[in-house]
Amino acid sequence: MPRLIVALDEADAAVRQLTRYWKTFRQHDDPRTSPAIIALEEAIWAGREARIHVILDGRANRILAGAPAREQFATVILSRVTTDTWRRLAPIAVPAPKQNRHPGRFHVIQHDSTVHETQAIVMTDAEVVNWLADPHDHESWPPATPRAPDTDACARGP
């Protein structure tokens, strides 16, 4: 069975919109929770067995309401978060390290509580398109000449 990756950008906003949509169109005998939200929660809880992996961007407070739900994620990536958010999403890796304002810098937290400060490649929209369009050109990244990050970069660091 092929692997399926479910990526949800701005998870909190998406769940709020799905909830609002479901309240608008829900029939009297329909379940109270949106079937889309139920499916996402099931993918988080049991998806790995079916080769379904979930990537959430955003706080996802509604979906990750309790510690057991957060335990379903083997890796947490955080950037520029408050100490409170760090404690909630990465409680095994406290205290929170000092946040870095360098573009593309973030922290990767593994289940063994290892924290790695990591640097992402920062690319402009045009560079992303060129990179995706020519897979044989991937060896040339990152460019030999460092440049200042572009403010309209599509693949900005967190």
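Analyst: Happy to. Rings of Phe, Tyr and Trp (its six-membered ring) pair if their centres lie within 6.5 Å; planes under 30 degrees apart count as stacked, over 60 as edge-to-face and the rest as tilted. That rule gives one aromatic pair here. A word on the source: this is a predicted model, where local features need pLDDT of at least 70 and side-chain atom pairs count only at pLDDT 80 or more, while totals for chains, interfaces and linings use all residues. Residues are numbered from 1 along each chain as its sequence is written, and side-chain values use heavy atoms, with hydrogens and water left out.

User: Why is the pair of Tyr-21 and Phe-25 called tilted?

Analyst: The ring centres of Tyr-21 and Phe-25 are 4.7 Å apart and the planes meet at 40 degrees, so the pair is tilted. Both residues lie in helix H1 (residues 11–25), four residues apart, about one turn of the helix. Helices (H or I, at least four residues) and strands (E, at least two) are DSSP runs, numbered from the N terminus.

User: What makes Phe-25 partly exposed?

Analyst: Buried means under 20% relative accessible area, exposed over 50%, partly exposed in between (1.4 Å probe, protein chains only). Phe-25 has 48%, so it counts as partly exposed.

User: Which residues of H2 are buried, and why are they said to be on the same side?

Analyst: The buried ones are Ile-37, Leu-40, Ala-43 and Ile-44. They cover an arc of only 120 degrees around the axis, so they sit on the same side of H2; the arc is that of the directions from the helix axis to the C-beta atoms.

User: What makes Ser-34 a cap for H2?

Analyst: A polar contact is a pair of N or O atoms within 3.5 Å (within protein, one must be able to donate a hydrogen and the other to accept it, and residues adjacent in sequence count only if both atoms are side-chain atoms). A side-chain oxygen of Ser-34 lies 3.1 Å from the backbone nitrogen of Ala-36, capping the N-terminal end of H2.

User: Which residues make up the largest nonpolar core?

Analyst: A nonpolar core is a set of buried Ala, Val, Leu, Ile, Met, Phe, Trp, Tyr and Cys residues joined through side-chain atoms within 4.5 Å. The largest has nine residues: Leu-8, Ala-11, Ala-14, Leu-40, Ala-43, Ile-44, Val-54, Leu-56 and Phe-73. H2 gives the largest share, three residues.

User: Why is Ser-79 counted as buried?

Analyst: Its relative accessibility is 14%, so Ser-79 falls under the cut-off. Ser-79 is in the loop between strand S3 (75–78) and helix H4 (83–89), and a polar atom of its side chain lies 3.1 Å from the backbone oxygen of Arg-105.

User: What is Gln-99 in contact with, leaving aside its neighbours within four places in sequence?

Analyst: Contact means heavy atoms within 4.5 Å, and on that basis the partners of Gln-99 are Ser-79, Arg-80, Val-81, Trp-86 and His-107. The side chain of Gln-99 also reaches the backbone nitrogen of Arg-80 at 2.7 Å. With a relative accessible area of 24%, Gln-99 is partly exposed.
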